Amino acid sequence: VSRVIGVAMDVTERRKAEKAREQLRQDQLRFKDDFLSHVSHELRSPLARLQAATDLMQQQPERAPELIARLQRDTGRIDSLVGELLTLARLDSGMAERMNESVDMLEIIDYIAQDARFEADAKQCAVDVTLPDYIDIRGNHELLFRAIENVVRNAVLHSPPGGRVGIAVSRDANARWAIAVTDSGSGVAPAEIEKIFEPFFRSQSGAEHSGYGLGLAITRRVV
């Protein structure tokens with residue numbers, strides 16, 4: 001009797017495992033379809049504008065300087081989108097290289113803070129930085145730079161005029177380095193906290209800002 005029960009339990013576990021694998025496969029296919037749909041949607045608009053600008057340039061050559069600026073702007077947006085998609089693909093496939101190199105995090109944060117102050121000046125925002133004397137971190141310099149820059153730029157973007165953005169680095173209770181980025185914006189709705197890290201998600205509170213909704217998805221995968 002015990003052998004029969006054992007076999008029955010084994011068959012049941014195999015069926016559960018097969019069902020879980022099938023569910024995972026379906027979820028992956030659904031994610032792939034959604035991802036491709038988002039990519040095609042994001043590319044369609046700038047490509048349509050490129051075509052329209054090219055047609056107008058042929059019909060109205062006197063508008064060439066204005067239309068060339070439009071072409072440069074939209075090709076830049078496409079280049080940015082493709083770059084972010086390639087980064088996301090590398091991270092998701094585990095193909096990101098040099099993940100254990102010594103990283104000068106002080107230099108990275110100082111550089112990002114300088115850029116943030118330049119952008120924040122336009123809205124009279126302050127950018128405060130609190131750093132220790134050293135930060136010993138190993139990882140990928142390019143990816144860590146991009147991950148932190150994405151969060152800091154979001155903080156500047158969503159801060160009101162006259163607001164403050166803070167960047168602070170400290171060790172937590174487990175002796176791990178923690179980088180905190182704060183701002184004086186309206187914040188993210190509780191229902192959107194997890195969604196903001198999904199590719200192509202745009203918060204309703206930031207609907208007026210441009211972007212593809214890939215920056216925080218890249219940040220989560222890096223850290």
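## Close-up views of a predicted model

**Figure 1. Helix α4 and its dimensions.** Helix α4 is made up of 18 residues and spans 26 Å from its first C-alpha to its last, close to the 26 Å expected at 1.5 Å a residue. The expected span is 1.5 Å times one less than the number of residues in the helix. Helices (H or I, at least four residues) and strands (E, at least two) are DSSP runs numbered from the N terminus. The structure is a predicted model, in which local features need pLDDT of at least 70 and side-chain atom pairs count only at pLDDT 80 or more, while totals for chains, interfaces and linings use all residues. Residues are numbered from 1 along each chain as its sequence is written, and side-chain values use heavy atoms, with hydrogens and water left out. At the start of α4, a side-chain oxygen of Asn140 comes to within 3.1 Å of the backbone nitrogen of Glu142. The buried residues of α4 include Leu143, Phe145, Ile148 and Val152; buried denotes under 20% relative accessible area, exposed over 50%, and partly exposed in between, with a 1.4 Å probe and protein chains only.

**Figure 2. Asn150 within α4.** Asn150 belongs to helix α4, which covers residues 141-158. Asn150 counts as buried because its relative accessibility is 14%. When neighbours within four places in sequence are set aside, Asn150 is in contact (heavy atoms within 4.5 Å) with Gly215, Ile218 and Thr219.

**Figure 3. The packing of α4 against α5.** Helix α5 comprises residues 215-222, and α4 packs with α5 at an angle of about 135°, their axes lying 9 Å apart. Axes are lines fitted to C-alpha atoms, for helices over the stretch in contact, and angles run from 0 to 180 degrees between N-to-C directions. The angle therefore makes α4 oblique to α5: angles under 35 degrees count as roughly parallel, over 145 as roughly antiparallel, 65 to 115 as roughly perpendicular, and the rest as oblique. The crossing of the two helices, α4 and α5, is left-handed, a term for a near helix turned anticlockwise from the far one by less than a right angle. On the α4 side, the residues that meet α5 include Leu143, Ala147, Asn150 and Asn154; among their partners in α5 are Gly215, Ile218 and Val222.

**Figure 4. Asp183 in strand β5.** Asp183 is located in strand β5 and counts as partly exposed, at 37% relative accessibility. Residues up to four places away in sequence aside, Asp183 touches Ala155, Ser159, Arg164 and Val165. Asp183 and Leu157 are separated by 26 residues in sequence, and their C-alpha atoms are 9.6 Å apart. The side chain of Asp183 also reaches the backbone nitrogen of Gly185, at 2.7 Å.

**Figure 5. Two loop residues with positive phi.** Gln124, in the loop between α3 (105-120) and β2 (126-130), has phi near 55°, a positive value in a residue other than glycine. Gln124 is exposed, with a relative accessible area of 58%. Ala175 is placed in the loop between β4 (164-171) and β5 (177-183). The phi of Ala175 is positive, about 65°, although Ala175 is not a glycine. At 46% relative accessibility, Ala175 counts as partly exposed.

**Figure 6. The setting of these views in the chain.** The chain contains 5 helices and 5 strands, and along the sequence these follow the pattern α-α-β-α-β-β-α-β-β-α. Of its 223 residues, 27% count as buried.

Note on methods:
Polar contact = N/O pair within 3.5 Å; in protein donor to acceptor, adjacent residues only side chain to side chain.
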